[in-house]
Amino acid sequence: MAGEIAIGDVDARAHPLQAKAQLGVQLQTTSFHSSLTLVEIVRLYAGLYGVTLTSAQIRELLVQINLQKEASKRFRELSGGQQQRFSLLIATIHDPALVLLDEPTAGLDPQARRQLWDRIERFRKEGRSILLTTHSMEEAQAVCDRVAIMDHGKILTVGTPAALIASYRDDPKVRQAAHGEVTLEDVFIALTGRELRD
Amino acid sequence: MAVPTWSSSLKVLVRADGTAQVRTPLSLVITFALPLILLVATGLGKNSAALGGPEFRISLALTVGLVSIGTVGYSLAIARDRDAGVFQRLRVTPAPTWTIMVSRWIVQLGAVLIMAIVVLVVAAVVAGVTLPPQDYLLTVLVALLGSAVFLSIGQAIVGLIASADTLNAAGRLLYLPLIGLSLFGDTDRLGTTVEMVSRWSPGGCLETLLSAAMGATTWSGQLWGPLFASFGYTVLFAVIGIRWFRWVSR
(Lines give C-alpha, C1' and ligand atoms only; values in the text may rest on other atoms or scores of the structure.)
Protein backbone atom coordinates (compact mmCIF):
# COMPACT_ATOMS: atom_id res chain seq x y z
CA MET A 1 0.00 0.00 0.00
CA ALA A 2 1.41 3.39 -0.95
CA GLY A 3 0.76 6.92 0.27
CA GLU A 4 0.23 8.40 3.68
CA ILE A 5 -2.69 9.28 5.90
CA ALA A 6 -2.51 12.18 8.34
CA ILE A 7 -5.29 13.35 10.63
CA GLY A 8 -4.28 16.88 11.59
CA ASP A 9 -0.61 16.41 12.41
CA VAL A 10 -0.96 12.75 13.40
CA ASP A 11 0.50 10.08 11.11
CA ALA A 12 -2.33 7.53 11.10
CA ARG A 13 -0.08 4.59 10.23
CA ALA A 14 2.56 5.34 12.84
CA HIS A 15 0.07 6.30 15.57
CA PRO A 16 -3.25 4.59 14.81
CA LEU A 17 -4.75 5.05 18.27
CA GLN A 18 -3.99 8.79 18.29
CA ALA A 19 -5.49 9.04 14.82
CA LYS A 20 -8.62 7.15 15.90
CA ALA A 21 -9.00 9.52 18.85
CA GLN A 22 -9.28 12.42 16.35
CA LEU A 23 -11.85 10.61 14.22
CA GLY A 24 -15.58 10.25 14.53
CA VAL A 25 -16.84 7.30 12.52
CA GLN A 26 -20.32 6.28 11.47
CA LEU A 27 -20.23 2.94 9.69
CA GLN A 28 -22.73 1.95 7.03
CA THR A 29 -24.14 -0.86 9.14
CA THR A 30 -23.64 -0.04 12.75
CA SER A 31 -24.54 -2.18 15.68
CA PHE A 32 -23.97 -1.85 19.37
CA HIS A 33 -24.20 -4.33 22.26
CA SER A 34 -27.73 -5.70 21.83
CA SER A 35 -28.50 -5.83 25.56
CA LEU A 36 -27.42 -2.31 26.45
CA THR A 37 -29.72 0.70 26.64
CA LEU A 38 -28.98 3.92 24.76
CA VAL A 39 -27.76 5.57 27.98
CA GLU A 40 -25.36 2.68 28.62
CA ILE A 41 -24.07 2.76 25.04
CA VAL A 42 -23.41 6.51 25.29
CA ARG A 43 -21.54 5.92 28.56
CA LEU A 44 -19.49 3.11 26.99
CA TYR A 45 -18.39 5.05 23.92
CA ALA A 46 -17.79 8.27 25.87
CA GLY A 47 -15.53 6.22 28.15
CA LEU A 48 -13.66 4.72 25.19
CA TYR A 49 -12.86 8.25 23.99
CA GLY A 50 -11.93 9.42 27.49
CA VAL A 51 -14.99 11.65 27.83
CA THR A 52 -16.68 11.73 31.23
CA LEU A 53 -20.39 12.44 31.11
CA THR A 54 -22.85 12.77 33.99
CA SER A 55 -26.31 11.23 33.70
CA ALA A 56 -27.75 14.71 33.18
CA GLN A 57 -25.30 15.38 30.33
CA ILE A 58 -26.22 12.07 28.67
CA ARG A 59 -29.91 12.95 28.97
CA GLU A 60 -29.20 16.36 27.42
CA LEU A 61 -27.40 14.72 24.47
CA LEU A 62 -30.38 12.43 23.89
CA VAL A 63 -32.71 15.46 24.04
CA GLN A 64 -30.64 17.11 21.31
CA ILE A 65 -31.36 14.22 18.95
CA ASN A 66 -34.95 13.85 20.16
CA LEU A 67 -34.39 10.41 21.66
CA GLN A 68 -34.96 11.27 25.32
CA LYS A 69 -38.03 9.00 25.48
CA GLU A 70 -36.00 6.12 24.09
CA ALA A 71 -33.21 6.43 26.70
CA SER A 72 -34.02 3.02 28.23
CA LYS A 73 -34.56 1.25 24.92
CA ARG A 74 -32.11 -1.04 23.14
CA PHE A 75 -30.54 0.15 19.88
CA ARG A 76 -32.34 -2.54 17.84
CA GLU A 77 -35.70 -1.23 19.09
CA LEU A 78 -35.17 2.12 17.32
CA SER A 79 -36.41 3.00 13.84
CA GLY A 80 -33.90 3.38 10.99
CA GLY A 81 -33.85 7.17 11.30
CA GLN A 82 -33.48 7.03 15.07
CA GLN A 83 -30.64 4.54 14.74
CA GLN A 84 -28.78 6.84 12.34
CA ARG A 85 -29.30 9.87 14.61
CA PHE A 86 -28.00 7.89 17.55
CA SER A 87 -25.03 6.53 15.58
CA LEU A 88 -24.13 10.06 14.57
CA LEU A 89 -24.29 11.14 18.21
CA ILE A 90 -21.89 8.32 19.17
CA ALA A 91 -19.59 9.22 16.25
CA THR A 92 -19.27 12.81 17.47
CA ILE A 93 -19.43 12.28 21.23
CA HIS A 94 -15.76 13.26 21.62
CA ASP A 95 -16.01 16.37 19.43
CA PRO A 96 -13.70 15.00 16.70
CA ALA A 97 -11.83 17.12 14.18
CA LEU A 98 -12.78 14.78 11.33
CA VAL A 99 -16.05 12.87 10.96
CA LEU A 100 -16.27 9.91 8.55
CA LEU A 101 -19.79 9.10 7.45
CA ASP A 102 -20.28 5.94 5.40
CA GLU A 103 -23.62 6.14 3.58
CA PRO A 104 -25.35 7.72 6.59
CA THR A 105 -28.75 8.12 4.92
CA ALA A 106 -28.99 4.75 3.15
CA GLY A 107 -32.48 3.30 3.59
CA LEU A 108 -33.91 6.37 5.32
CA ASP A 109 -37.22 8.04 4.46
CA PRO A 110 -37.04 11.63 3.08
CA GLN A 111 -37.87 13.23 6.44
CA ALA A 112 -35.19 11.31 8.30
CA ARG A 113 -32.71 12.01 5.50
CA ARG A 114 -33.38 15.77 5.61
CA GLN A 115 -33.04 15.77 9.39
CA LEU A 116 -29.65 14.06 9.09
CA TRP A 117 -28.54 16.52 6.42
CA ASP A 118 -29.39 19.33 8.87
CA ARG A 119 -27.17 17.73 11.50
CA ILE A 120 -24.34 17.29 8.99
CA GLU A 121 -24.73 20.94 8.01
CA ARG A 122 -24.52 21.91 11.69
CA PHE A 123 -21.25 19.96 12.05
CA ARG A 124 -19.89 21.77 9.03
CA LYS A 125 -20.78 25.15 10.52
CA GLU A 126 -19.07 24.13 13.75
CA GLY A 127 -15.85 23.86 11.75
CA ARG A 128 -15.49 20.08 11.59
CA SER A 129 -14.23 18.36 8.48
CA ILE A 130 -16.63 15.74 7.15
CA LEU A 131 -15.74 12.93 4.78
CA LEU A 132 -18.95 11.40 3.50
CA THR A 133 -19.31 8.43 1.16
CA THR A 134 -22.59 8.08 -0.66
CA HIS A 135 -24.20 6.61 -3.74
CA SER A 136 -26.81 9.39 -3.66
CA MET A 137 -25.70 12.23 -5.90
CA GLU A 138 -28.68 14.21 -4.63
CA GLU A 139 -27.12 13.96 -1.18
CA ALA A 140 -23.65 14.86 -2.43
CA GLN A 141 -25.05 17.87 -4.25
CA ALA A 142 -27.02 18.95 -1.17
CA VAL A 143 -24.43 18.68 1.60
CA CYS A 144 -20.92 18.53 0.10
CA ASP A 145 -18.51 21.40 -0.53
CA ARG A 146 -16.27 19.21 -2.64
CA VAL A 147 -17.09 15.95 -4.38
CA ALA A 148 -14.74 13.23 -5.61
CA ILE A 149 -16.36 10.78 -8.02
CA MET A 150 -14.71 7.37 -7.67
CA ASP A 151 -15.00 4.20 -9.69
CA HIS A 152 -13.16 0.92 -9.09
CA GLY A 153 -10.99 2.60 -6.45
CA LYS A 154 -9.85 5.47 -8.67
CA ILE A 155 -10.78 9.14 -8.39
CA LEU A 156 -12.22 10.22 -11.74
CA THR A 157 -12.82 13.87 -10.94
CA VAL A 158 -12.87 16.29 -8.00
CA GLY A 159 -14.58 19.63 -7.56
CA THR A 160 -17.49 21.49 -6.07
CA PRO A 161 -20.89 20.13 -7.21
CA ALA A 162 -21.56 23.34 -9.17
CA ALA A 163 -18.11 23.29 -10.81
CA LEU A 164 -18.45 19.62 -11.80
CA ILE A 165 -21.85 20.24 -13.36
CA ALA A 166 -20.56 23.32 -15.17
CA SER A 167 -17.46 21.62 -16.55
CA TYR A 168 -19.28 18.50 -17.79
CA ARG A 169 -22.54 20.17 -18.86
CA ASP A 170 -21.71 20.05 -22.58
CA ASP A 171 -20.20 16.55 -22.58
CA PRO A 172 -22.30 14.43 -25.01
CA LYS A 173 -22.47 11.55 -22.52
CA VAL A 174 -23.80 13.90 -19.86
CA ARG A 175 -26.37 15.34 -22.28
CA GLN A 176 -27.45 11.79 -23.08
CA ALA A 177 -27.79 10.91 -19.39
CA ALA A 178 -29.65 14.09 -18.45
CA HIS A 179 -33.42 14.27 -18.18
CA GLY A 180 -33.81 18.06 -18.42
CA GLU A 181 -31.57 20.12 -16.12
CA VAL A 182 -28.09 18.54 -15.78
CA THR A 183 -27.50 17.19 -12.26
CA LEU A 184 -24.52 15.73 -10.44
CA GLU A 185 -26.05 12.29 -10.99
CA ASP A 186 -25.91 12.82 -14.77
CA VAL A 187 -22.21 13.67 -14.46
CA PHE A 188 -21.70 10.57 -12.30
CA ILE A 189 -23.48 8.29 -14.81
CA ALA A 190 -21.56 9.78 -17.70
CA LEU A 191 -18.22 9.26 -15.97
CA THR A 192 -18.79 5.79 -14.53
CA GLY A 193 -21.01 4.24 -17.22
CA ARG A 194 -24.50 2.81 -17.24
CA GLU A 195 -23.60 -0.79 -16.46
CA LEU A 196 -25.04 -2.21 -13.26
CA ARG A 197 -22.59 -2.69 -10.36
CA ASP A 198 -22.43 -5.60 -7.92
CA MET B 1 -7.13 14.92 21.81
CA ALA B 2 -5.40 12.55 24.25
CA VAL B 3 -5.75 8.80 23.85
CA PRO B 4 -7.41 7.20 26.90
CA THR B 5 -5.25 4.70 28.78
CA TRP B 6 -5.77 1.01 28.05
CA SER B 7 -6.87 0.45 31.65
CA SER B 8 -9.68 3.01 31.39
CA SER B 9 -10.79 1.47 28.06
CA LEU B 10 -10.73 -2.00 29.61
CA LYS B 11 -12.74 -0.79 32.59
CA VAL B 12 -15.61 0.62 30.52
CA LEU B 13 -15.60 -2.43 28.24
CA VAL B 14 -15.78 -4.84 31.19
CA ARG B 15 -18.67 -2.87 32.65
CA ALA B 16 -20.56 -2.97 29.33
CA ASP B 17 -19.80 -6.64 28.62
CA GLY B 18 -20.71 -7.60 32.19
CA THR B 19 -24.05 -5.81 31.93
CA ALA B 20 -24.73 -7.51 28.60
CA GLN B 21 -23.84 -10.91 30.08
CA VAL B 22 -26.19 -10.51 33.03
CA ARG B 23 -29.04 -9.41 30.74
CA THR B 24 -28.74 -12.41 28.40
CA PRO B 25 -31.14 -15.17 29.53
CA LEU B 26 -29.24 -17.89 27.63
CA SER B 27 -26.02 -17.08 29.43
CA LEU B 28 -27.75 -17.28 32.81
CA VAL B 29 -29.24 -20.69 31.96
CA ILE B 30 -25.87 -21.92 30.72
CA THR B 31 -23.98 -20.52 33.69
CA PHE B 32 -26.23 -21.62 36.52
CA ALA B 33 -29.19 -23.80 35.54
CA LEU B 34 -27.34 -26.61 33.75
CA PRO B 35 -24.67 -27.29 36.42
CA LEU B 36 -27.20 -27.12 39.24
CA ILE B 37 -29.68 -29.40 37.50
CA LEU B 38 -26.89 -31.91 36.87
CA LEU B 39 -25.65 -31.66 40.43
CA VAL B 40 -29.07 -32.54 41.80
CA ALA B 41 -30.02 -35.05 39.06
CA THR B 42 -26.85 -37.14 39.40
CA GLY B 43 -27.63 -37.63 43.07
CA LEU B 44 -31.01 -39.17 42.28
CA GLY B 45 -31.70 -42.81 41.39
CA LYS B 46 -30.28 -46.00 42.80
CA ASN B 47 -27.44 -46.25 40.25
CA SER B 48 -26.13 -42.75 40.87
CA ALA B 49 -23.26 -44.07 42.98
CA ALA B 50 -21.92 -45.92 39.93
CA LEU B 51 -20.93 -42.60 38.35
CA GLY B 52 -18.72 -41.70 41.29
CA GLY B 53 -18.82 -40.14 44.77
CA PRO B 54 -20.22 -36.75 45.76
CA GLU B 55 -16.95 -35.02 44.83
CA PHE B 56 -17.25 -36.53 41.36
CA ARG B 57 -20.83 -35.21 41.05
CA ILE B 58 -19.68 -31.72 42.02
CA SER B 59 -16.72 -31.82 39.65
CA LEU B 60 -19.05 -33.06 36.89
CA ALA B 61 -21.45 -30.17 37.54
CA LEU B 62 -18.56 -27.70 37.46
CA THR B 63 -17.19 -29.25 34.27
CA VAL B 64 -20.59 -29.02 32.56
CA GLY B 65 -20.80 -25.37 33.60
CA LEU B 66 -17.32 -24.68 32.24
CA VAL B 67 -17.94 -26.52 28.96
CA SER B 68 -21.25 -24.68 28.54
CA ILE B 69 -19.80 -21.25 29.28
CA GLY B 70 -16.73 -21.72 27.08
CA THR B 71 -17.87 -23.69 24.07
CA VAL B 72 -21.49 -22.52 23.81
CA GLY B 73 -22.04 -19.24 25.66
CA TYR B 74 -18.76 -17.48 24.94
CA SER B 75 -18.24 -18.59 21.34
CA LEU B 76 -21.86 -17.92 20.36
CA ALA B 77 -21.86 -14.45 21.93
CA ILE B 78 -18.64 -13.57 20.12
CA ALA B 79 -19.94 -14.90 16.78
CA ARG B 80 -23.25 -13.03 17.09
CA ASP B 81 -21.56 -9.74 17.97
CA ARG B 82 -19.14 -10.25 15.11
CA ASP B 83 -22.00 -10.90 12.66
CA ALA B 84 -23.85 -7.82 13.92
CA GLY B 85 -20.80 -5.56 13.52
CA VAL B 86 -20.35 -4.77 17.22
CA PHE B 87 -16.60 -5.44 17.05
CA GLN B 88 -16.24 -3.44 13.87
CA ARG B 89 -17.76 -0.44 15.66
CA LEU B 90 -15.56 -0.88 18.73
CA ARG B 91 -12.42 -1.18 16.63
CA VAL B 92 -12.77 2.32 15.19
CA THR B 93 -12.44 3.77 18.70
CA PRO B 94 -9.01 4.45 20.21
CA ALA B 95 -9.31 1.44 22.55
CA PRO B 96 -6.47 -1.04 21.87
CA THR B 97 -7.92 -4.01 19.99
CA TRP B 98 -6.74 -6.53 22.55
CA THR B 99 -8.81 -4.85 25.28
CA ILE B 100 -12.00 -5.72 23.36
CA MET B 101 -11.27 -9.45 23.63
CA VAL B 102 -9.65 -9.41 27.07
CA SER B 103 -12.75 -7.69 28.43
CA ARG B 104 -14.84 -10.65 27.22
CA TRP B 105 -12.47 -13.10 28.88
CA ILE B 106 -12.57 -11.21 32.18
CA VAL B 107 -16.38 -11.30 32.17
CA GLN B 108 -16.37 -15.05 31.42
CA LEU B 109 -13.87 -15.70 34.22
CA GLY B 110 -16.13 -13.73 36.54
CA ALA B 111 -19.10 -15.85 35.46
CA VAL B 112 -17.08 -19.02 36.12
CA LEU B 113 -16.08 -17.79 39.55
CA ILE B 114 -19.69 -17.07 40.52
CA MET B 115 -20.87 -20.37 39.01
CA ALA B 116 -18.24 -22.33 40.98
CA ILE B 117 -19.20 -20.63 44.24
CA VAL B 118 -22.93 -21.22 43.64
CA VAL B 119 -22.36 -24.92 42.82
CA LEU B 120 -20.22 -25.41 45.92
CA VAL B 121 -22.80 -23.67 48.12
CA VAL B 122 -25.65 -25.74 46.68
CA ALA B 123 -23.55 -28.90 47.08
CA ALA B 124 -23.06 -28.04 50.75
CA VAL B 125 -26.71 -27.18 51.36
CA VAL B 126 -28.44 -29.86 49.24
CA ALA B 127 -25.94 -32.72 49.10
CA GLY B 128 -24.29 -31.99 52.43
CA VAL B 129 -20.80 -31.98 50.88
CA THR B 130 -18.56 -29.59 52.76
CA LEU B 131 -14.84 -29.10 52.27
CA PRO B 132 -12.01 -27.62 54.33
CA PRO B 133 -11.37 -23.93 53.44
CA GLN B 134 -8.14 -24.69 51.55
CA ASP B 135 -9.97 -27.26 49.39
CA TYR B 136 -12.61 -24.66 48.49
CA LEU B 137 -9.86 -22.29 47.43
CA LEU B 138 -8.10 -24.99 45.42
CA THR B 139 -11.38 -26.03 43.77
CA VAL B 140 -12.09 -22.47 42.67
CA LEU B 141 -8.54 -22.10 41.32
CA VAL B 142 -8.87 -25.36 39.36
CA ALA B 143 -12.25 -24.16 38.04
CA LEU B 144 -10.53 -21.01 36.78
CA LEU B 145 -7.87 -23.16 35.08
CA GLY B 146 -10.71 -25.19 33.56
CA SER B 147 -12.36 -22.03 32.31
CA ALA B 148 -9.09 -21.16 30.53
CA VAL B 149 -9.20 -24.59 28.83
CA PHE B 150 -12.78 -24.28 27.64
CA LEU B 151 -12.62 -20.59 26.77
CA SER B 152 -9.64 -21.39 24.56
CA ILE B 153 -11.69 -24.19 22.93
CA GLY B 154 -14.50 -21.64 22.43
CA GLN B 155 -11.96 -19.21 20.97
CA ALA B 156 -10.74 -21.89 18.57
CA ILE B 157 -14.32 -22.62 17.47
CA VAL B 158 -15.06 -18.95 16.86
CA GLY B 159 -11.70 -18.57 15.13
CA LEU B 160 -12.30 -21.42 12.72
CA ILE B 161 -16.03 -20.88 12.03
CA ALA B 162 -17.09 -17.57 10.53
CA SER B 163 -20.88 -17.57 10.75
CA ALA B 164 -22.88 -17.52 13.98
CA ASP B 165 -25.45 -19.98 12.60
CA THR B 166 -22.82 -22.54 11.62
CA LEU B 167 -21.07 -22.02 14.92
CA ASN B 168 -24.31 -22.59 16.82
CA ALA B 169 -24.71 -25.98 15.14
CA ALA B 170 -21.05 -26.92 15.53
CA GLY B 171 -21.02 -25.84 19.17
CA ARG B 172 -23.95 -28.12 19.94
CA LEU B 173 -22.26 -31.01 18.12
CA LEU B 174 -19.06 -30.51 20.10
CA TYR B 175 -20.84 -29.89 23.36
CA LEU B 176 -22.30 -33.38 23.73
CA PRO B 177 -19.02 -35.30 23.17
CA LEU B 178 -17.19 -32.96 25.52
CA ILE B 179 -19.79 -33.54 28.23
CA GLY B 180 -20.14 -37.23 27.39
CA LEU B 181 -16.41 -37.79 27.65
CA SER B 182 -16.40 -36.10 31.03
CA LEU B 183 -18.96 -38.58 32.33
CA PHE B 184 -16.93 -41.74 31.99
CA GLY B 185 -13.51 -40.79 33.31
CA ASP B 186 -14.15 -42.53 36.61
CA THR B 187 -15.87 -45.64 35.35
CA ASP B 188 -14.93 -48.49 33.00
CA ARG B 189 -18.56 -49.41 32.29
CA LEU B 190 -18.02 -48.59 28.59
CA GLY B 191 -14.63 -50.28 28.48
CA THR B 192 -11.11 -49.26 29.34
CA THR B 193 -10.50 -47.50 26.00
CA VAL B 194 -13.43 -45.13 26.55
CA GLU B 195 -12.28 -44.64 30.13
CA MET B 196 -8.76 -43.79 28.95
CA VAL B 197 -9.96 -41.36 26.25
CA SER B 198 -12.39 -39.84 28.73
CA ARG B 199 -9.72 -39.44 31.41
CA TRP B 200 -7.39 -37.56 29.02
CA SER B 201 -10.05 -35.45 27.35
CA PRO B 202 -10.17 -31.74 28.40
CA GLY B 203 -13.19 -32.45 30.61
CA GLY B 204 -11.67 -35.64 32.00
CA CYS B 205 -8.42 -33.92 32.97
CA LEU B 206 -10.36 -31.14 34.61
CA GLU B 207 -12.50 -33.56 36.59
CA THR B 208 -9.45 -35.42 37.82
CA LEU B 209 -7.98 -32.13 39.04
CA LEU B 210 -11.26 -30.98 40.57
CA SER B 211 -11.71 -34.27 42.44
CA ALA B 212 -8.18 -33.94 43.79
CA ALA B 213 -8.79 -30.32 44.75
CA MET B 214 -11.87 -31.38 46.69
CA GLY B 215 -9.84 -33.91 48.62
CA ALA B 216 -11.34 -37.02 47.04
CA THR B 217 -7.83 -38.09 46.04
CA THR B 218 -4.56 -36.92 47.45
CA TRP B 219 -2.21 -34.84 45.30
CA SER B 220 0.25 -37.25 43.74
CA GLY B 221 2.62 -37.44 40.80
CA GLN B 222 -0.26 -38.80 38.70
CA LEU B 223 -1.93 -35.39 38.79
CA TRP B 224 0.90 -33.65 36.96
CA GLY B 225 -0.25 -35.34 33.75
CA PRO B 226 -3.79 -33.87 33.74
CA LEU B 227 -2.37 -30.51 34.91
CA PHE B 228 0.15 -30.28 32.06
CA ALA B 229 -2.43 -31.62 29.61
CA SER B 230 -4.81 -28.83 30.67
CA PHE B 231 -2.14 -26.19 30.11
CA GLY B 232 -1.32 -27.83 26.78
CA TYR B 233 -4.97 -27.81 25.65
CA THR B 234 -5.24 -24.14 26.66
CA VAL B 235 -2.16 -23.07 24.72
CA LEU B 236 -3.00 -25.20 21.66
CA PHE B 237 -6.60 -24.01 21.30
CA ALA B 238 -5.78 -20.41 22.20
CA VAL B 239 -3.12 -20.29 19.49
CA ILE B 240 -5.59 -21.73 16.95
CA GLY B 241 -8.36 -19.37 18.10
CA ILE B 242 -6.22 -16.24 18.03
CA ARG B 243 -4.34 -17.12 14.82
CA TRP B 244 -7.49 -17.62 12.75
CA PHE B 245 -9.83 -15.19 14.48
CA ARG B 246 -11.45 -12.55 12.26
CA TRP B 247 -13.10 -9.43 13.64
CA VAL B 248 -15.63 -9.30 10.80
CA SER B 249 -17.63 -12.24 9.53
CA ARG B 250 -17.24 -11.48 5.82
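A: A search of the whole structure finds 2 cavities of 30 Å³ or more, a cavity being a set of points on a 1 Å grid over the protein atoms alone where a 1.4 Å probe fits but cannot get out. This is a predicted model, in which local features need pLDDT of at least 70 and side-chain atom pairs count only at pLDDT 80 or more, while totals for chains, interfaces and linings use all residues. Residues are numbered from 1 along each chain as its sequence is written, chains are lettered from A in the order in which they are written, and side-chain values use heavy atoms, leaving out hydrogens and water.

The second largest cavity holds about 30 Å³ of space, a volume being the space filled by probe spheres set on grid points that are joined across faces, edges and corners. Its lining (residues with an atom within 4 Å of a point) is made of B:Thr71, B:Val72, B:Ser75, B:Leu76, B:Leu167, B:Asn168, B:Gly171 and B:Arg172. Helix H3 (54–84) and helix H7 (164–183) of chain B are the elements that give two or more residues to this lining, where a helix is a DSSP run of H or I with at least four residues, numbered from the N terminus. By class, the lining has 3 nonpolar, 4 polar and 1 charged residues; Ala, Val, Leu, Ile, Met, Phe, Trp, Tyr, Cys and Pro count as nonpolar, Asp, Glu, Lys and Arg as charged, and the others, Gly among them, as polar.

Turning to where the chains meet, the contact (heavy atoms within 4.5 Å) takes 27 residues from chain A and 27 residues from chain B. Over all chains the structure holds 9 salt bridges, each a side-chain nitrogen of Lys or Arg within 4 Å of a carboxyl oxygen of Asp or Glu. The pair that crosses between chains goes from B:Arg23, in the loop between helix H1 (6–22) and helix H2 (25–41) of chain B, to A:Glu40 in helix H2 of chain A. In this salt bridge of B:Arg23 with A:Glu40, the closest N and O atoms are 2.6 Å apart. Helix H1 (16–22), helix H2 (38–48) and helix H4 (80–91) of chain A each supply at least two residues of the side of chain A that touches chain B, and the largest share of that side, 6 residues, comes from H2(A).

How values were computed: On a 1 Å grid over the protein atoms alone, a cavity is a set of points where a 1.4 Å probe fits but cannot get out, and a pocket is an open set with protein on both sides within 12 Å along at least five of seven lines; lining residues have an atom within 4 Å of a point.
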